[in-house]
Amino acid sequence: MTQEPMINTIDILRHAFVYQDTRLTHHGERVAYILWKLLSDHPYYTRPEKQSVFLLGLFHDIGAYREAEIDAMLSFDTQDSIEHSIFGYLLLKSFSPLAEYADCILYHHNHNAQYYSVPLDSKHRDIAKLLYLADRIDIFLLHNRPDTIGSFLHENAFGSVFSRKDFDLFLESNRRYRILDHIADGEYLKELSEYTRQEFPLTGEENLAYFWTYLFSVDFQNEYSALHTSYAVHFCQFLSRTLLEDPLECQTALWAAMLLYIGKSRIPASVRTSLSFEGYLQELNQPDIENTTNAILSGGVSQWFFPVLEQSFQLLRCFWANRPISFAPTPAAEITALSYLMSNQMNHPKELPFFTRQQHWDFLVQKYNACGLNRHLLNSFGRHYDSILSQAKAATDADRNSYHKLLHEEHALRMILLHYNKKYFP
């Protein structure tokens, strides 16, 4: 291994959001594009603040994972759109570099409110208003002709929906940057690609944080899949550190574990029993998920990185079907596949008994033997089994605690917001 994988995080996440729901295809990108153009010449915001607002636009619907919630978002009813705002707020607050601005997501459908548990200052309220304006413009354009946007905004600019100041800002920005024209002809996608590659040189830590934010938005849909990626990535991290000498190969394995199933956002969140969890794991190993992963990562990672992912997918399918392999996987690909094989077993549905240490080891040996895979790396793992397992479980326990804390906060906030809406919007 001679090079580190090139990771264009924002580009990858832009592509990933496309697969969450066909009704929201490119919605986050268009909202981010509108916000970018609205603030391009705005003297009130610094360049880092403008970049953060752009990312808020991209991430603003990250909490939308239920079909009914997406239906509500596509309407203009404020009260019906609180759930995805709560979940998105908690995801950004807990896992992303945008934690400082998470409150803007919570308020972006009801920017005139003031929830006592999450106060909002005037600057963040202004951002929430702009976010809502950009969001409503895009939703309006899904159902109406672009030449009617002016009358729509004018009708709502003098009440509590949009401010006249923001209304004028949009009209001027649209005149200067032809926002609506570029959305209509698709030119905005090219502009976004150039902007994100030039303006967002993220650190390795920031890259990982954004990917965790996205992957947790998918995994946290239910208790069965909540820690699936977490287990795998942490296993991969400690397996690589222990078994591989090349730091770049360790880095490659870690990124492969992080990105391997980024295409799973297209799988419905219907895991409710141990049987459906097994079906979920089987669906993850279908070629459709691999194809989606490749499409999401296309242009966002180095070309030489794709064979590592391909070998990982192939090996996992061989593990699943107890089928002999026809190639010798690279160490990075083998560790990635082994990490997910471990995750599948350790992330047990609660109604199934956990394997003993010996049962788990026998399971791994059986898989390797059935696939005709050289056991050199597995035997090396066996010599450090207890140490690697305890480190990975400790790291995953931290994510488990974060998951349960998020559920608790989500429930509490939903009660507060429902009470608020009932009181002020009877």
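I started at Asn8, which sits in the segment before α1 (9-17). Helices here are DSSP runs of H or I with at least four residues, strands are E runs of at least two, and both are numbered from the N terminus. This is a predicted model: local features need pLDDT of at least 70, side-chain atom pairs count only at pLDDT 80 or more, and totals for chains, interfaces and linings use all residues. Residues are numbered from 1 along each chain as its sequence is written, and side-chain values use heavy atoms, with hydrogens and water left out.

Is Asn8 buried or exposed? I get 13% relative accessibility for Asn8, so it counts as buried. My cut-offs: buried is under 20% relative accessible area, exposed is over 50%, and partly exposed is in between (1.4 Å probe, protein chains only). Leaving out residues up to four places away in sequence, Asn8 touches Arg197 and Gly300; contact means heavy atoms within 4.5 Å.

Next, α1 against a helix partner. α1 and α16 (residues 287-297) pack at about 135°, axes 8 Å apart. That makes α1 oblique to α16. Under 35 degrees is roughly parallel, over 145 roughly antiparallel, 65 to 115 roughly perpendicular, and the rest oblique. On the α1 side I noted Ile12, His15 and Ala16, which meet Ala295, Ile296 and Leu297 of α16. By class, the residues of this α1 and α16 contact are five nonpolar, one polar and no charged. I count Ala, Val, Leu, Ile, Met, Phe, Trp, Tyr, Cys and Pro as nonpolar, Asp, Glu, Lys and Arg as charged, and the others, Gly among them, as polar.

Then I checked backbone phi. Most residues other than glycine have a negative phi. His26 has phi near 65°, a positive value in a non-glycine residue. His26 is in the loop between α1 and α2 (27-39), and it is partly exposed at 24% relative accessible area. Asn322 lies in the loop between α17 (306-321) and α18, and its relative accessible area of 36% makes it partly exposed.

How do α17 and α19 (residues 357-371) cross? Their axes come within 9 Å and cross at roughly 105°. That makes α17 roughly perpendicular to α19. Cys318, Phe319 and Trp320 of α17 meet Lys367, Tyr368 and Cys371 of α19. I sorted the residues of this contact into five nonpolar, no polar and one charged.

For α18 (residues 331-346), I looked at α14 (residues 247-259): they pack at about 40° with axes 9 Å apart. That makes α14 oblique to α18. From α14, the contact takes Glu249, Thr252, Ala253, Ala256 and Ala257; from α18, Pro331, Ala332, Ile335, Thr336 and Tyr340. The α14 and α18 contact residues split into seven nonpolar, two polar and one charged.

Last, the overall tally. I count 21 helices and zero strands in the protein. Of its 426 residues, 57% are buried. Among contacts between residues at least 6 apart in sequence, 73% join residues at least 24 apart.

Conventions:
Axes fitted to C-alpha atoms, helices over the stretch in contact; angles between N-to-C directions.
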